[in-house]
Amino acid sequence: MDDLYQLLREDAIELESKFRRASIEGKGTSQEIADFREHALQDFVARFFPFPHRVTKGKIRDAYGSIGDSVDCIVCNPNHPYTVDSHGKFRLIFAEGVDVAIEVKPDIAASAELIRGLEQGISIKALKRRNAPTLMRGGWSYDRAFHVPYVIFGMRCKSNPLDTLNEIAAFYASRGTPPLQQADFIAVNGVGLFVNYLDASMYCWGNKDSTSKHTGWFFEKWGDDTLAGFIWRLQMLAHASIKMQDDLLPYYLQPKVIQGVFGANP
């Protein structure tokens, strides 16, 4: 839907501005800068996961005793217990009640920043839900539904996005990380999405052919429409509860054409 895409392009500009303003408003205190940026993304995400969803930050734990690293933006499903203190902060966050965990890494052109985000993700993907909350949907496999979805959101990557793509794939290859324990996708505003195609059904683009490999890490070049792709991919994740009907936003965000899709070559 053109109107929705146009509004999201404006949102992308506004979000970029808020990230820049955070550097001024929190100048001298890196934690304040990070807080301002986290709040900007949380406010944006909350518009597409409205109440009774809740958006917070913190550490997620599972029923097996594991606790993941702290994450900047966590979307709690309506089924999550209201474990909130008088200041609105979640005391405990449970894996079975999390739709998605999103880490803010503004500049993943810096290898150290990218690696920190990927390492955080491994701790999140190691968390297990007791039961799979959904059947196969949107190309996401049934096995992946047992894992908490993990996403990174940034504003900058390397000048050639394929260098970042290959760096992501090389990171996981060097550690032998199974695909199910890798991040679901990484969004870079104004550039595109780096997506973990767990199985070939996730490759939904027109240039698919029977001889090509369509699993692994791919870069989807969305350009100015990256926020639309970000929301679309968030909607297609395996959320924390079975839904009686499909989400409505994918009908309006389903892309007909993007600028290109490129596979990793680590």
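The model is predicted, so local features need pLDDT of at least 70 and side-chain atom pairs count only at pLDDT 80 or more, while totals for chains, interfaces and linings use all residues. Residues are numbered from 1 along each chain as its sequence is written, and side-chain values use heavy atoms, with hydrogens and water left out.

**The sheet**

Start with the open sheet of eight strands, whose order is S1-S3-S5-S6-S7-S8-S9-S10, with mixed pairing. Its edge strands are S1 (54–58) and S10, each of which pairs on one side only. From one strand to the next, the twist averages 20 degrees. Angles of this kind run from 0 to 180 degrees between N-to-C directions, with axes as lines fitted to C-alpha atoms, for helices over the stretch in contact. Strands (E, at least two residues) and helices (H or I, at least four) are DSSP runs numbered from the N terminus. Two strands pair if DSSP finds at least two bridges between them.

**Strands S5 and S6**

Select S5 (residues 98–104) and S6 (residues 150–154). Four bridges join S5 to S6, and the two run parallel.

**Strand S7 and its neighbours**

Move on to S7, which pairs with S6 in the parallel sense over four bridges. Gly154 stands opposite Val188 in S7.

Which residues of S7 are buried on each side? Phe185 and Ala187 are buried on one side, and Ile186 and Val188 on the other. Buried means under 20% relative accessible area, computed with a 1.4 Å probe on protein chains only; exposed is over 50%, and partly exposed lies in between. In a regular strand the side chains alternate between the two faces of the sheet.

S7 and S8 run antiparallel and are joined by four bridges; Ile186 has Phe194 as its bridge partner in S8. The two strands form a hairpin with three residues between them, and Gly190 in the turn has a positive phi of about 80 degrees.

**Helix H4**

Now select residues 161–175. H4 has 15 residues and reaches 22 Å from its first C-alpha to its last, close to the 21 Å expected at 1.5 Å a residue. That expected span is 1.5 Å times one less than the number of residues. Its buried residues include Leu165, Ile168 and Phe171. Among the elements that cover the buried residues of H4 are helix H3 (111–125) and strand S9 (216–221). Just after H4, Gly176 takes a positive phi of about 65 degrees.

**Gly117**

Select Gly117 in helix H3. Gly117 is buried, at a relative accessible area of 0%. Beyond its neighbours within four places in sequence, Gly117 is in contact (heavy atoms within 4.5 Å) with Lys105, Tyr150 and Ile152.

**His53**

End in the loop between helix H2 (30–48) and S1, where His53 is placed. Is His53 buried or exposed? His53 is buried, with a relative accessible area of 19%. The side chains of His53 and Asp99 are joined by a polar contact of 3.3 Å. A polar contact is a pair of N or O atoms within 3.5 Å; within protein, one must be able to donate a hydrogen and the other to accept it, and residues adjacent in sequence count only if both atoms are side-chain atoms.
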